[in-house]
Every structure is written in structure tokens, then in C-alpha cells.
Amino acid sequence: RYAEAVDRHGNTPLHLLVERRPYRLKELEAVQCILKAYPAAASMRNHDGFEPLLLAIHNKIPWQNGLGEIAQADTSVCTRHDATTGLYPFQLAASVGGPDALNTTFHLLSLLPEVIQYQ
């Protein structure tokens, strides 16, 4: 199963998809296909300590283009800190800026509002 493959850096196809963004016009469909084939990919950390959700936020993938699918596949990733900044995903989404930052931050907080209590 290709969706479960891991490269020498610990990246799954989902990591690579959100990092490189080769299918921007079909990004949502690509994320959905990978998650359908291998749902556990949503919570897997690569060797640098990044889950696909954090990479998607860093790369400013809009909620409706697949970031939401990743967050909903395993909501526990919303409680994990970014390896570089130490921020929670909702904080990271607000800090990276861009036209979708507010929408993504809102959806992440709506998905798991109790994450605010973890600080």
C-alpha cells in the first residue's frame, strides 16, 4: 500500500502532498484519497517532529482545500505543539497569516475548543 509508505525522513505521502502541494487544483481530492487509504497518516510525525496538519498550516493550505480533512481525521493532532515554534495548531494558523488564516484559526478552535485550556 503506497499510502502507508514512509521515506527516509519519516514522511508519508500525506506529508509530501501538503509540503510540496503538487496538485493545488485537486488538493482536497488528493488529501481525501490518501486519508481514505490510510487514515493513520493524519497523526504520524516525520523525523523532524511534524504531523501533516502542521505542515499544511505552515504551507497555508486553506481549510476547505484539505487542511480540515486532516484535522478531522484525528482531532488529537490539534492538541500537539509545533516542533519549531511550540505553538498549538490554532496559534500557528493565526501566526502564519495569509488570506485564510482567520478562517483556519476559527475552524481549528471550533473543532476542539478545549485546546485553549491546555496552555
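Predicted model: local features only at pLDDT ≥ 70, side-chain atom pairs only at ≥ 80, totals over all residues.
Take the contacts with a separation of 6 or more: residues 24 or more positions apart account for 64% of them.

Now colour by secondary structure. The protein chain has six helices and zero strands. Along the sequence, the pattern reads α-α-α-α-α-α. The radius of gyration is 13 Å, close to the 14 Å that the globule rule gives for 119 residues, so the protein chain is as compact as a globular protein of that length.

The C-alpha atoms fill a box of roughly 40 × 30 × 20 Å.

The accessible surface of the protein chain comes to about 6400 Å². Carbon and sulfur atoms hold 54% of that area. Of the 119 residues, 41% count as buried.

Next, select the charges. There are 10 positive and 12 negative ones in the protein chain. How far apart are the mean positions of the positive and negative charges? They are 5 Å apart.

Now select residues 27–37. This is helix α2, and L35 is found in it. Is L35 buried or exposed? L35 counts as buried because its relative accessibility is 9%, under the 20% cut-off.

Keep L35 selected and show what surrounds it. Leaving out residues up to four places away in sequence, L35 touches L14, A42, E69, I70 and A73.

Conventions:
Residues numbered from 1 in each chain as written. Heavy atoms only, no water. Helix = DSSP H or I, 4+ residues; strand = E, 2+ residues; numbered from the N terminus. Buried < 20%, exposed > 50% of the residue type's maximum accessible area, 1.4 Å probe, protein only. Contact = heavy atoms within 4.5 Å. Rg over C-alpha atoms; globule rule 2.2 N^0.38 Å. Areas by Shrake-Rupley, 256 points an atom, 1.4 Å probe, with all protein chains shown as cover. Lys, Arg positive; Asp, Glu negative; His and termini not counted. Charge placed at Lys NZ, Arg CZ, Asp CG, Glu CD.
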